[in-house]
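Subject: Handover of a structural model

Dear colleague,

Please find the structure below, passed on to you for your files. My notes on it come after the display.

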Amino acid sequence: MGKQSNETQSPVSDPTKFSILNLIDLSNPNINQSVNLLKQACLDSGFFYVVNHGITEEFMDEVFAQSKRFFSLPLKEKMKILRNEKHRGYTPVLDETLDPQHQLHVGDYKEGFYIGIEVDEGDPESSKPFYGTNKWPEPDVLPGWKETMEKFHREALEVGKAVGKIIALALDLDVNFFDKPEMLGEPIATLRLLHYGGQISDPSKGLYGAGAHTDFGLLTLLATDDVAGLQICKDRDAKPQKWEDVSPLKGAFVVNLGDMLERWSNGVFKSTLHRVLGNGQERYSIAYFLEPSHDCLVECLPTCKSETNPPKYPPILCRDYLSQRYNDTHADLSIYKKEQS
């Protein structure tokens, strides 16, 4: 990938609609420049691009191609690997409702597929809420699919850890703060393939590709195709809210901060509200949600509190926080049993 500027903006007729995001080059030897760009982004929008991250464009294209192959299967075939209680497997259209206040009658017009950290059923660790065995399409149905996704999961984890080091420095922490065993040494890392079927969103009717939400964890890496749809709202309390489009950028990850990092940083770094609006075109994206270990206690960082700025949030275990957020936003699995009976 050639050299790119540190800011990028889509060439559209109405540039005021598009958000200008900082661009962080992971191959840049000047770590101070990367830290400053990230800090600026985290204080402004909580979103930024990451390029030269080590995952080749050829492999990214293959992951997208395999994702399309899965979502092109008949619904009956996809329902054979419906998500389980550990959030592994297929999530049908309308399974998730991210903004129940405004999505009054329906959920998100997207379908997805969850892949997490693989832990054998005989392993004591498999009893944890977000550890267990993954669900996969049969090899004769999608040859090479499992291997492609497992490789991407491993490579995305390394990208997330590299971004975590820059975040640590931006918060005046040791560079390896998030690499500790209780942090990203034993992470909850979830890959989610997403497909938006081409419905046209209408916020006035509560119809969204993905309702307005903040992400739950530490950070999210998002790869997208060339179809726009992602929007961010820098000030969630503004009336009315102002939404800005985020341009797709070939080969890059769009990175955003999650709620846990907002809690850790005592609100210094923001977990920004975002949504997806459908424009009538099919859209594919690949999200990688990176969270600390199940037993990590998320509490205010020492560099983010003082006598005049005490902790704003009580400490909470990662597993408890994530479990509650997932349960709040996903349909009860029993509804599918009723439909299939």
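The notes below go from the whole chain to single residues.

**Basis of the notes**

This is a predicted model, in which local features need pLDDT of at least 70, side-chain atom pairs count only at pLDDT 80 or more, and totals for chains, interfaces and linings use all residues. Residues are numbered from 1 along each chain as its sequence is written, and side-chain values use heavy atoms, with hydrogens and water left out.

**The chain as a whole**

The average pLDDT (the predictor's confidence in each residue, from 0 to 100) is 87 for the chain, and 88% of the residues score at least 70. Residues 1–16 have a pLDDT below 50. Beyond near neighbours in sequence, this stretch has 30 contacts in the model, a contact being heavy atoms within 4.5 Å.

The chain holds 8 helices and 15 strands. These are DSSP runs, numbered from the N terminus: helices are H or I with at least four residues, and strands are E with at least two. Of the 341 residues, 55% are buried; buried means under 20% relative accessible area, exposed over 50%, and partly exposed in between, with a 1.4 Å probe and protein chains only. The accessible surface is about 15500 Å², and carbon and sulfur atoms contribute 51% of it. This area comes from the Shrake-Rupley method with a 1.4 Å probe; for residues, only the protein chains shown count as cover. Among contacts with a separation of 6 or more, 76% are between residues 24 or more positions apart.

**Helix α1**

Helix α1 covers residues 31–44, which is 14 residues. At 1.5 Å a residue it should span 20 Å, and its end C-alpha atoms are 20 Å apart, so the two values agree. The expected span is 1.5 Å times one less than the number of residues.

Which residues of α1 are buried? They are Ser-34, Val-35, Leu-37, Leu-38, Ala-41 and Cys-42. These residues lie on the same side of α1, because they cover an arc of only 165° around the axis; the arc is that of the directions from the helix axis to the C-beta atoms. An α-helix has 3.6 residues a turn, so residues three or four places apart point the same way. The cover over the buried residues of α1 includes β2 (21–25), β3 (47–51), α4 (145–170) and β11 (253–257). On the face turned away from the buried side, α1 carries the exposed residues Asn-32 and Asn-36. Just after α1, Gly-46 has a positive phi of about 75°.

**Cysteines**

The count of disulfides is 0, where a disulfide is a pair of cysteine sulfur atoms within 2.5 Å. For Cys-304, the closest cysteine sulfur is in Cys-300, at 5.9 Å, which is too far for a bond. Cys-304 is buried, at 7% relative accessibility. Cys-318 is likewise in no disulfide, as the nearest cysteine sulfur, that of Cys-296, is 6.3 Å away. Cys-318 is buried too, with a relative accessible area of 0%.

**Backbone features in loops**

The peptide bond from Lys-239 to Pro-240 is cis, with omega near -5°. Pro-240 lies in the loop between β9 (230–233) and β10 (244–245).

Asn-52 is not a glycine, yet its phi is positive, at about 50°. Asn-52 sits in the loop between β3 and α2 (57–71) and is partly exposed, with a relative accessible area of 25%. Asn-266, also a residue other than glycine, has a positive phi near 60°. The loop that holds Asn-266 runs between α6 (259–264) and β12 (273–276). Is Asn-266 buried or exposed? Asn-266 is buried, with a relative accessible area of 2%.

Leu-322 belongs to helix α7 (residues 318–329) and is buried, at 1% relative accessibility. Its C-alpha atom is 8.9 Å from that of Phe-130, 192 residues apart along the chain. Leaving aside neighbours within four places in sequence, Leu-322 is in contact with Phe-130, Ile-188, Phe-216, Met-260 and Glu-291.

Gln-281 lies in the loop between β12 and β13 (283–291) and is partly exposed, with a relative accessible area of 45%. Beyond its neighbours within four places in sequence, Gln-281 is in contact with Tyr-196, Gly-198 and Val-227.

With kind regards
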